[in-house]
Amino acid sequence: MFPLTIAGLRFVPNGRTVLDELDLELSGEGISVILGPNGTGKTLLLRLLAGLLPPTAGSIRWAGAAHPDGRLAMVFQQPMMLRMSVFTNVEFALRPQTLTAAERRARTHEVLERVGLDHRARDCARLLSGGERQRLALARAWAMRPRLLLLDEPTAALDPTATEAVERIIREIRTEGAKVLMTTHNLGQATRLADDIIFLAEGRVQEHAAAQRFFAHPQSPAA
């Protein structure tokens with residue numbers, strides 16, 4: 001699945017260029033954080049990688065292949081919840097996998113316990129708070145054992161306590177071997193989580209550097 005190589009990626013909806021000859025290469029390790037001004041294509045890049053949109057031009061290669069051979073999951077800024085229980089929201093995502101019903105139940109309880117929601121397994125997911133919903137969305141993705149986890153502003157609407165809980169979960173997912181690629185406008189969060197920073201501006205990668213080096217000595221005028 002890695003290296004993930006993006007070359008000459010363009011996205012031009014309705015004649016408006018959002019991504020313009022974007023080049024990027026990512027390894028399968030660590031947490032990469034995408035920073036940049038509003039409208040520069042951060043969320044769009046995640047959607048293109050997830051296969052939710054086709055690029056106008058350019059290529060996305062997964063270890064040289066046109067499609068990833070490992071599991072990929074994406075958590076949106078405002079995750080959608082099924083009108084079902086907390087438990088079923090996770091278990092339902094596992095049904096396409098080759099697991100027995102008992103294995104699905106066990107894995108669902110495991111991830112709900114790890115995100116602090118097992119005690120609410122029978123509650124309706126729509127009754128959860130914003131922070132609990134985001135933890136549930138992460139549990140749903142985590143249960144799939146993704147090789148790549150895409151996160152779009154995962155704490156944008158959360159208070160500091162909920163943000164801390166979500167960041168802890170992201171670190172645990174990374175520790176278990178998933179590559180995490182996320183967007184954020186929270187520079188403090190980027191310094192806490194990022195191994196490397198991808199700075200987008202004007203539809204291109206202006207910088208891609210280790211987080212400490214980026215924040216200490218940004219190289220581009222936009223950064």
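I started at Arg120, whose side chain makes a polar contact of 2.8 Å with that of Asp123. For polar contacts I took N or O pairs within 3.5 Å; within protein, one atom must be able to donate a hydrogen and the other to accept it, and residues adjacent in sequence count only if both atoms are side-chain atoms. The model is a predicted one: local features need pLDDT of at least 70, side-chain atom pairs count only at pLDDT 80 or more, and totals for chains, interfaces and linings use all residues. Numbering runs from 1 along each chain as its sequence is written, and side-chain values use heavy atoms, with hydrogens and water left out.

**Entry: Arg120**

Arg120 sits in the loop between α3 (101-114) and α4 (130-143). Helices here are DSSP runs of H or I with at least four residues, strands are runs of E with at least two, and both are numbered from the N terminus.

Is Arg120 buried or exposed? Arg120 is buried, at a relative accessible area of 18%. I used under 20% relative accessible area for buried, over 50% for exposed, and partly exposed in between (1.4 Å probe, protein chains only).

I then listed what Arg120 touches, skipping residues up to four places away in sequence: Val86, Leu127, Leu128 and Glu132. Contact here means heavy atoms within 4.5 Å. I also checked Arg120 against Leu44, 76 residues apart along the chain; their C-alpha atoms are separated by 33 Å.

**Entry: helix α5**

Helix α5 covers residues 160-175, which is 16 residues. From first C-alpha to last it reaches 22 Å, close to the 22 Å expected at 1.5 Å a residue. The expected span is 1.5 Å times one less than the number of residues.

Which residues of α5 are buried? They are Ala162, Thr163, Val166, Glu167, Ile169, Ile170 and Ile173. Seen down the axis of α5, these buried residues fall within an arc of 160°, so they line one face of the helix. The arc is taken from the directions from the helix axis to the C-beta atoms. Pro160, Thr161, Glu164 and Thr175 are exposed on the other side of α5.

Next I checked the ends. Asp159 caps the N-terminal end of α5, with a side-chain oxygen 3.2 Å from the backbone nitrogen of Thr161. After α5 comes Gly177, with a positive phi near 110°.

**Entry: nonpolar cores**

I counted a nonpolar core as a set of buried Ala, Val, Leu, Ile, Met, Phe, Trp, Tyr and Cys residues joined through side-chain atoms within 4.5 Å. The largest one has 45 residues, and Leu112, Leu136 and Leu149 have the most contacts inside it. Helix α4 gives the most to this core, with 7 residues. Another core lies apart from it, with 25 residues, among them Leu19, Leu45, Leu46 and Leu148.

Leaving out residues up to four places away in sequence, Leu149 touches Ala73, Val75, Leu138, Ala141, Ile173, Lys179, Val180 and Leu181.

**Entry: aromatic pairs**

How many aromatic pairs does a search of the whole structure find? The search finds 2. The rings of Phe214 and Phe215 have centres 5.3 Å apart and planes at 80°, so this pair is edge-to-face. Rings of Phe, Tyr and Trp (its six-membered ring) pair if their centres lie within 6.5 Å; planes under 30 degrees apart are stacked, over 60 edge-to-face, the rest tilted. Phe214 is buried at 5% relative accessibility, whereas Phe215 is partly exposed at 32%. Ring pairs link Phe199, Phe214 and Phe215 into a cluster.

Arg204 is in strand β9 and is partly exposed, at 39% relative accessibility. Beyond its neighbours within four places in sequence, Arg204 contacts Asp20, Glu21 and Phe199. I looked at Glu21 next. Glu21 lies in strand β2 (residues 19-26) and has a positive phi, near 55°.

Glu202 also has a positive phi, near 55°. Glu202 is in the loop between β8 (196-201) and β9 (204-210), and it is exposed at 73% relative accessibility.

Last, I noted a cis peptide bond between Phe2 and Pro3, with omega about 5°. Pro3 is in the segment before β1 (4-11).
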